[in-house]
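Student: I have a model open and would like to learn how to read it. Could you take me through a few features?

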Amino acid sequence: MKKAPIELQELRRRIYAKAKSEPSWRFWGLYVHVCKRETLRAAYEMAKHNNGAPGIDGISFEVIEESGVEVFLEQIRDELVSGTYRPLRNRRREIPKGNGKVRVLGIPTIRDRVVQGALKLILEPIFEADFQPGAFGYRPGRTAHQAVGRVAREIAYYKTRILDIDLKAFFDNVRHDLLLVKVAKRVDDAGVMRLLKLILKASGKKGVPQGGVISPLLSNVYLNEVDRMLEKAKRVTFDGHTHVEYVRYADDLVVLVNGFARNDWLLGAVNRRLREELAKLDVEVNEEKSRIVDLAKGESFGYLGFDFRRVKSRQGKWRPHFAPQMKKRTALLAELKTVFRQKRSRPAAEIVTRINPILRGWVNYFAIGSSTRCFSYVRRWMEIKMRRHLMRARKRKGMGWTRWSSSDLHREFGLFRDYYVRAADRLVLAARTRDT
């Protein structure tokens, strides 16, 4: 994310400090900051940095910059100040999920992305002050790797009973009335509330669009009371040791409970209270995908693309083991196969140009934990595919084992080769283990 200008950063810092020091304060006078040129310009720069396809109006960043960015932003500002701004409906785009189903993204126009971004810049520091430690998704300074690391750490601390909760079509079913009430507890500004209602209405009668700039912030606001309940569960069961921990990344939630027999009751109690809080929000639990896992019995669960389990170290101590899920590896190889098929008759350099960014992004995400064996498989598979392509181009049989070494494939053709699990992350995530 690009940094906001200094003055805007200072404003956000002051808003956060006020919100943190006075948890019941309702902010007013915010709309004027949303409409400022500085805020709109920062929102535009963030939208451009994230790139993305045009919305339903077909207007791209290239078109905007040909006509003049300042003219574009001034027009938006005039509409916001005069109260004539109306968001366009989102362009729908279906993204395959890998299980035969699709995830529907709602892509706003660039104009609407700028407005949502400006609103987010002003509202975010208010609600950041209220969010709980176990929430990681789409928050400044927080990453998926940190969420994965916390899960691994708590497994090392013998929290081996897992509530793996799947929320059914969460983003599509957020109730606007409940969400607006939650925002209004912290915002006493008619202009901001009116603008937020317009944005929500553009996405339909309920739900927040996946693909909307402000949607992640709103989803965190919506689920914050669930996080508060889990934080309370941690406090009331604390006896010198924490027996309950949770990690939430957007709508992906796991609760980890201590594996000692004396805490058998706790798993059921937390499960019951969690479902009560979700019911208040009209959030439905997907029972087919939600389950209770006991790592002490050799079971495993998936979270944020990783498969988690417990294994014994060489010293005979239990430790967390987390590596890329098989379905993630399969999806990667399928994507790479498609590139090779589409570029069957093209030079190796052209294929490398296409596949290197795919490999780099995938490896960078999974380069923590116990991914070494998976990386070795992917690297070997990739080298074999490249050998086949090179020999086919030369109308030769075989794999070219004597013609090219593995080093040649990477050095001569520029094939991606940085399959390293980062040592620093290993040290951070290899939390202290305990004997059972």
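This is a predicted model: local features need pLDDT of at least 70, side-chain atom pairs count only at pLDDT 80 or more; totals for chains, interfaces and linings use all residues.

Tutor: Residues are numbered from 1 along each chain as its sequence is written, and side-chain values use heavy atoms, with hydrogens and water left out.

Student: What is the strand order of the open sheet?

Tutor: Helices (H or I, at least four residues) and strands (E, at least two) are DSSP runs, numbered from the N terminus. Two strands pair if DSSP finds at least two bridges between them. Here four strands run in the order E4-E5-E3-E6, with antiparallel pairing. Strand E4 (244-249) and strand E6 (291-294) are the edges, each pairing on one side only. Between E3 (residues 161-166) and E5 (residues 252-257) there are six bridges; arginine 161 has valine 257 in E5 as its bridge partner.

Student: Which residues of H12 are buried?

Tutor: Buried means under 20% relative accessible area, exposed over 50%, and partly exposed in between (1.4 Å probe, protein chains only). In H12, Arg329, Leu332, Leu333, Leu336, Val339 and Phe340 are buried. Seen down the axis of H12, these buried residues fall within an arc of 110 degrees, so they line one face of the helix; the arc is that of the directions from the helix axis to the C-beta atoms. Lys327, Arg341 and Gln342, on the other side of H12, are exposed. Helix H13 (348-366) and helix H14 (372-393) are among what covers the buried residues, where contact means heavy atoms within 4.5 Å.

Student: Which residues touch the most other members of the largest nonpolar core?

Tutor: In soluble globular proteins, nonpolar side chains tend to be buried together. A nonpolar core is a set of buried Ala, Val, Leu, Ile, Met, Phe, Trp, Tyr and Cys residues joined through side-chain atoms within 4.5 Å. The largest has 74 residues, and Leu123 and Val255 touch the most other members. H6 gives the most to this core, with 10 residues.

Student: Where is tyrosine 138 found?

Tutor: Most residues other than glycine have a negative phi. Tyrosine 138 has a positive phi of about 55 degrees, and is found in the loop between helix H6 (110-128) and helix H7 (144-156). Tyrosine 138 is partly exposed, at 47% relative accessible area.

Student: Is lysine 395 buried or exposed?

Tutor: Lysine 395 is exposed, at 79%. Its phi is also positive, near 55 degrees.
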